[in-house]
Amino acid sequence: MSQDAVPIPRWLRDFDRLLPIRSQFIVSGNIRDSFLVPLAGGPSLVPLLRALWETLSGRDYRCLLVFDPSDGIRVYPDEAPCRELAERLFDLKPSAGSRMISLESLGKLMQAVAAQREVRCALVVDFASRLTRQPDHPGEGEHRFFVAAEKLSLTAAPIVPRDGGRPLFNPVLWLLNRPQDLPSWFALDSERVASLTVARPDYETRLAAAHQLAPLFEGYAQAAAGEREAFVKAFCDGTEGMTLNALADITELASRQQLGLRAIDDAVRCYKVGVLDNPWRKDYLRARIRDAGSFIETRVKGQHQAVVKALDILMRSAMNLTGAQARNAGNRPRGVLFFAGPTGVGKTELAKTLTQLVFGDERAYIRFDMSEFAEEHTGARLLGAPPGYIGFDAGGELTNAVREKPFSVVLFDEIEKAHPRILDKFLQILEDGRLTDGRGDTAYFSETILIFTSNLGIYVEDEHGRRVQSVRPGDPYEQIECKVRGAIGDYFKYRLSRPEILNRIGDNIVVFDFIAPDVGRQIFTGMLANVARRLQEEFGLQLALADAVREALLARCLADLAHGGRGIGNRIESLFINPLSRALFGLDLAGRRRVTVTALREEDQVASLDVALD
């Protein structure tokens, strides 16, 4: 790539353009990044001070002084001619490369630099965000310093060096994390102070940087031209939103891990999530997913359509075809599922089962009950407080959890109960696959499966504002699916006025059916087996039920299936487990091997059991 093709950073172009008319510059944003600039030996990635010096020296500036609160004043670059010039012009004799000076001395040095006529020179105040703890309430000495700097910005005049040339200011540059780190009045309505924001590199800049870094990857020299171009494009696409420092770090990681051109996705992922091993690419995962239908349906009963849809998402994710229809899939999550339907029908259980299937550990499952985030201010808890607010340095529960477990299933339970402002954040997650918290730390969702659950469409409000059931057990599945999908669409499009969220979820809405009686019978049998196992583990007792007791208990549990499997469990607890505990509590169970339930009675809505011990 020729030097002419190197895209000069916009902030640097603006700085060069404004030198004749601006005396001071507030430079903020991505100031700690590297910048691609043309040098004598070719384009190179250099820090901000070097990029600044290259621009200034091209304008015949001969001296650049740099101050920071930690090391004091120094000369840049640290070369003999520059040091000798600074000593002669400003009586600076920095020992060990720098010298501590007070703010008062710095103010006087600013005035001397601004008025210097012998040669062009500039002063950079680095780490200016650390000059004062409270920008709008500085101490007395700090206040005098900033007032003097403001006055200097207005009184300084462009300088024409004695050897001639265009009139240009000898500028003062303030390097800040945020513009607010200086007193708010400092640059207010000032025509002499320019604010420059250093943005993160755009596609063109990342592409140029990728071309510079590509030869450092193993196998690049032997690769064909087409393979090289494909690698550079993949490198650029995979680092969207990242700094050029990040690209250089990825290159270093790839070199240390001996990752070649075809492993660029692994190198980028290793940088993002800190893990080189990728469970999505394991052969055993494909085998698990291929044979997973029967395994899932043993845990999630009666939801064949939901299981098939979920497996389709897993197969697509394992083959890395998520977003394949788009020109650039970016860093979107591996999969997105929206589980909708009645309560207690297996939505949460399916999420746990998918976690066990993919990652082999249910602990990789992260759940958020969105009813806890119904108020706007609770977004700070989920996503992290904004910078400057109490607790911002703690990060957010969601971002912290995903950074800790980058390969995980993230479940957002009852998503419709979250505040709409919080839902807006999901647009960024679904589209870009990343989220930055108040600390400035980025969590990447590119290796996660996101699952949203909702009960929308099951209940609606009638003309009197009363909550009534829209669909019931026994309704055809097609009717339930149509009503639930329609309710979800209406909620996002009309109630929230955020159709873009629904659009990003796409066709990944999975509608669960009510529990059918035959499925309810299976759930009932499984729960009774769990009770029997617990009795065996705790007391060494075998559990037996008379046929009449089993049928009576089953009839009561299946009488109302509107609450699904959870409702069956609640009925078993109140009609069987509680009275069984009451019946056995005062008995000596030592040496007993079997408990038989011979009768089930219910008086005054209180259940009781007759039991016999062997």
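The structure is a predicted model. Across the whole structure, a search turns up 18 aromatic pairs.

- F146 is buried because its relative accessibility is 1%, and buried means under 20%.
- F186 also has a relative accessibility of 1%, so it counts as buried too.

**The pair F412 and F426**

- F412 and F426 form an edge-to-face pair, with 4.7 Å from centre to centre and 80 degrees between the planes.
- Here, too, distant parts of the chain are linked: F412 sits in strand β12 (residues 409-413) and F426 in helix α16 (residues 420-432), 14 residues apart.
- F412 is buried, with a relative accessible area of 1%, and F426 is buried at 3%.

**A cluster of rings**

- Ring pairs join F338, F368, F412, F426, F452, Y491 and F492 into a cluster.
- F412 and F426, the pair described above, are among the members of this cluster.

**Charges over rings**

- The charged end of R120 is found over the ring of Y61, at 6.0 Å from the ring centre.
- R228 lies over the face of Y220, and here the distance to the ring centre is 4.5 Å.

- Strand β15 (residues 449-454) is mostly covered, with six of its six residues buried.
- In a regular strand, side chains alternate between the two faces of the sheet.
- In β15, I449, I451 and T453 point one way, whereas L450, F452 and S454 point the other way, and all are buried.
- F452, one of the residues in β15, is also a member of the ring cluster.
- Strand β10 (residues 335-340) runs parallel to β15 and is joined to it by six bridges; A340 stands opposite S454 in β15.
- β12 pairs with β15 in the parallel sense as well, over four bridges, and V410 stands opposite L450 in β15.

Technical notes. Residues are numbered from 1 along each chain as its sequence is written. This is a predicted model: local features need pLDDT of at least 70, side-chain atom pairs count only at pLDDT 80 or more; totals for chains, interfaces and linings use all residues. Side-chain values use heavy atoms; hydrogens and water are left out. Rings of Phe, Tyr and Trp (its six-membered ring) pair if their centres lie within 6.5 Å; planes under 30 degrees apart count as stacked, over 60 as edge-to-face and the rest as tilted. Buried means under 20% relative accessible area, exposed over 50%, partly exposed in between (1.4 Å probe, protein chains only). Helices (H or I, at least four residues) and strands (E, at least two) are DSSP runs, numbered from the N terminus. A charge sits over a ring if NZ of Lys or CZ of Arg is within 6 Å of the ring centre and within 35 degrees of the ring normal. Two strands pair if DSSP finds at least two bridges between them.
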